[in-house]
Amino acid sequence: MTAPVSMSPPGPFAGIPISDFLRDVFAATLLLVSFAMAWNVTGDATAHIEVILITLLSVFSLSITYLARAGVLPPTATVRTVWLIRLLANVPYLVLVVVYVIIDAISASGSVPGGIGFAMTFGLTGAIIAAQPRQAEVTALQHGSAIGETWYRIVVGFGVVGLILVVVNLVLILVRFLPLIVYSGSPLAIVAILIAVFFYLGAIGALFAGMVLRSEAGRLTALAIGVSTLGAVLIDLFSQRALSGVGLESLNAPVFGVLIFGLLAGLASAPPVKLAMRPIDPLTAWVRAASNLFVATAVLALFTTLTIILAFIVIGSQGADYGFTGFGIGIIVVTVLIALAAIIGRSLLTGNQSSARVPVLGISALLLVLGIVFIVIESNAGLALRNAGARIGLPDLVLAFGLPIAIAAFLTIPASVRAHYGALFGSMGAPRSYTDLIAQVAATETVIPIHADAAAPPTVYTAAVASDPATSAAVLFQIAQAQPELRKDIAANPSTYQGLLDWLGALGDPEVDAALKAR
């Protein structure tokens, strides 16, 4: 007779995938790090009591999921109740940012302090991540579900607002700077500014359009560029704002967009937004996203080339006096090489994917090397033009480091990509991964779990026990070892720990692989 297995409710952390824990940690980090960043021209976020209180409210909202699972909320609370509480707890942060953005827009008169600090970028992105439903709460939902459509509309709304803000930025720049430029007799300066603004307008429009058109590859592309932007802002913070100067942007100055690019990371990472995208094979989505990033790399590199050419024209003969000429030519050469390498990488990736992966990864490494050279040359060019306030910009870091790293990550880290290319190279005789090696060793040895139940486990288990989230990790381990026919049920169990999932995935069992893919 089979011994009964405890059916007590799972704890507040049971069955939650690692992605949800990482999402909570990421959101908390963004919110708390924002305290060290500039809020507006009056000072850092900690100089504003309303910012401190509302940020702490968003941080607290991260605990709602665990409080609900621990039974703190009333028994009548549902998953939708948790979604609503978490969303409402983060709405104040959005309202706070909107108020300060409006203040910045009207600050051109000089009567009110303006500026949109990078604290708003980090904080609002963290609040959006905190507000969204978790993967564990939407795993059982299908594409086109109601919560997915709700967050799809949120993405559309943010996209419209983002484009409006860039247009407002364009109008305010024309009103504020055009008379000065006309008076100074430097029309090319306004041309350069307009090109930059329209570039940001097009980039923001294209990234939001990918998600609005329900493209999974577009969502992944927006996620990569958004995270790269946040990384550049973090480097700016660690370098004592040596890149941005003050850690601020403004609707009244060229160019505005860091806030919007940062928000892309929060929106694109939302599990319900993924549900709103058109269903597509994961491998195809990751490869297409990498292809999109190659295009983004080429476009950003050529845009940088154009800005340097315009700088040559505007500075004229004074460039040689500053010592800028040689550095400027170096930047042009390197950015053109980056663009050419990105175009070649995309061509290879859209061809025979099976044979192109290794050379494409080589090109991503080449892009990283060229990016380092680009940053070194530009930093020296900035020193040559220090009187003009020239410095490395945040987009330059995205071009040099963010995009190449994201391309390499998209082609190596996702499970679907590793499984595809692992199968291609599996015939070479060597283990396809470290996990496979461990599995081969484990197959010939007796593995004793570190932890075991106090009572002796039963010798025969049922599929119900193997798929029950309340079954302990030690029992799942015993089942996987003793009853191979139930391994597919363990693979489908949301509480199965990652180490056991990795071991199951290395067995090559079609039924187990199908269950793992369905997770």
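Q: Are tryptophan 39 and tyrosine 93 buried or exposed?
A: Buried means under 20% relative accessible area, exposed over 50%, and partly exposed in between, with a 1.4 Å probe and protein chains only. Here tryptophan 39 is buried, and tyrosine 93 is too. This is a predicted model, where local features need pLDDT of at least 70, side-chain atom pairs count only at pLDDT 80 or more, and totals for chains, interfaces and linings use all residues. Residues are numbered from 1 along each chain as its sequence is written, and side-chain values use heavy atoms, leaving out hydrogens and water.

Q: How many aromatic pairs does the structure hold?
A: A pair of aromatic rings is described by the distance of the centres and the angle of the planes. Rings of Phe, Tyr and Trp (its six-membered ring) pair if their centres lie within 6.5 Å; planes under 30 degrees apart are stacked, over 60 edge-to-face, the rest tilted. This structure has seven such pairs. One of them joins tryptophan 39 and tyrosine 93 edge-to-face, at 6.2 Å centre to centre and 75° between the planes.

Q: Why is the pair of phenylalanine 199 and phenylalanine 303 called stacked?
A: Their ring centres are 4.0 Å apart and the planes meet at 5°, so stacked it is. Phenylalanine 199 counts as partly exposed at 21% relative accessibility, while phenylalanine 303 is buried at 15%.

Q: Which residues form one aromatic cluster?
A: That would be Phe199, Tyr200, Phe261 and Phe303.
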